[in-house]
Amino acid sequence: MECVALLVARTTGVHGEVEALPDPLMRAVSPPVASQPPKWEKRQLIDGIRWRIRIGAPWRDVPAEYVPWPTIYGLFRRWQRDGTWDRILSALQAHGDAQGRIDWTVSVDSMTSRAHQHAAGARSGGHLQKEPPGVHDEPADHALGRSRGGLTTKTHLACEQGQKVLSVIVTAGHRGDSPQFVAVLSRIWVSRLGVGRTRSRPVLVLADKAYTSRGNRGHLRSRGIKACIPSKSDQDAHRKAKGSRGGRPPKFDPQLYRLRARRS
């Protein structure tokens, strides 16, 4: 999967050559000095990878101004399998949090993507594939689900207000949103530079009606996280029908909920 590399591309900016990875991170992922210098610099390779991910083009269409595409793809897959992209993303998030660039008002949502027709037919066991997934376990269903539109994949995100994705989970397209709410929040894990505990708890969570379940609200309450989630009309009617036994309606601020639209 390309999710972590896509997050790195979005975290490091939009323009490849100008806003590439910071020099400290480039040194961290560069190999020890060899007897013969490499033909291509890591920055050239990463710029080519980021161009391909941002555009969504086939690997063969990467412009020749970067590096030959087999070399770019080889580095991408090698770092994907050994967890280098995860370490880069973790370091970028730590630097961003230290600089106050992460807003801990988090929005949770999902999006469905059509899968290419060639996505079907993969081996059932990830370890049996020609290129094993590496440090990440391959989902049993390969995150592919069948619906009226064909094969689809659903991406569940936790995104802060500065348009930086903090965590991501990929499931089959027919999977529900609410069951992934706790899972996607539990993957928020931003380490600190120097001393200090890793930060994993948002201040406020914004989500739409798909996430308004008693279990989700109870999870946020147990962790001391404020919630701004609208309730469904049938739930409101059911609560009112019970009268005083229905309890109080969940707190909801429409003005605060508007912040959710700013993440896109």
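Visitor: What makes D109 a buried residue?

Guide: D109 has a relative accessible area of 13%. Buried means under 20%, exposed over 50% and partly exposed in between, using a 1.4 Å probe and protein chains only, so D109 counts as buried. A word on the source: this is a predicted model, in which local features need pLDDT of at least 70 and side-chain atom pairs count only at pLDDT 80 or more, while totals for chains, interfaces and linings use all residues. Residues are numbered from 1 along each chain as its sequence is written, and side-chain values use heavy atoms, with hydrogens and water left out.

Visitor: Why is the pairing of R260 with D109 called a salt bridge?

Guide: Their closest N and O atoms are 2.7 Å apart. The term asks for a side-chain nitrogen of Lys or Arg within 4 Å of a carboxyl oxygen of Asp or Glu, so this pair qualifies. D109 sits in strand β1 (residues 105-114) and R260 in the segment after α9 (254-257), so the bridge ties together parts 151 residues apart in sequence. R260 is buried as well, at 12% relative accessible area.

Visitor: What makes D109, D208 and R260 a network?

Guide: Salt bridges link the three residues. Besides its bridge to D109, R260 meets the side chain of D208 at 3.1 Å, N to O. D208 lies in the loop between β5 (204-206) and α7 (214-222), so its pairing with R260 ties together parts 52 residues apart in sequence. With 18% relative accessibility, D208 counts as buried too.

Visitor: How do you know how α4 and α5 are oriented to each other?

Guide: Helices here are DSSP runs of H or I of at least four residues, strands are runs of E of at least two, and both are numbered from the N terminus. The axes of α4 (residues 69-82) and α5 (residues 84-98) come within 5 Å and cross at roughly 80°. That makes the two helices roughly perpendicular, because that label covers 65 to 115 degrees, with under 35 roughly parallel, over 145 roughly antiparallel and the rest oblique. F76, W79, Q80 and D82 of α4 make the contact (heavy atoms within 4.5 Å) with T84, W85, R87 and I88 of α5. These residues divide into 4 nonpolar, 2 polar and 2 charged.

Visitor: What is the reach of α4, and which of its residues are buried?

Guide: The 14 residues of α4 reach 20 Å from first C-alpha to last, close to the 20 Å expected at 1.5 Å a residue. Its buried residues are I72, L75, F76, R77, W79 and Q80. Just after α4, G83 takes a positive phi of about 85°.

Visitor: Why is G246 called partly exposed?

Guide: G246 has 22% relative accessibility, so it falls in the partly exposed class. This glycine is in the loop between α8 (233-241) and α9.

Visitor: How many helices and strands does the chain have?

Guide: There are 9 helices and 6 strands. Of the 264 residues in the chain, 40% are buried.

Technical notes: Axes fitted to C-alpha atoms, helices over the stretch in contact; angles between N-to-C directions. Nonpolar A, V, L, I, M, F, W, Y, C, P; charged D, E, K, R; others polar. Expected span 1.5 Å × (residues − 1).
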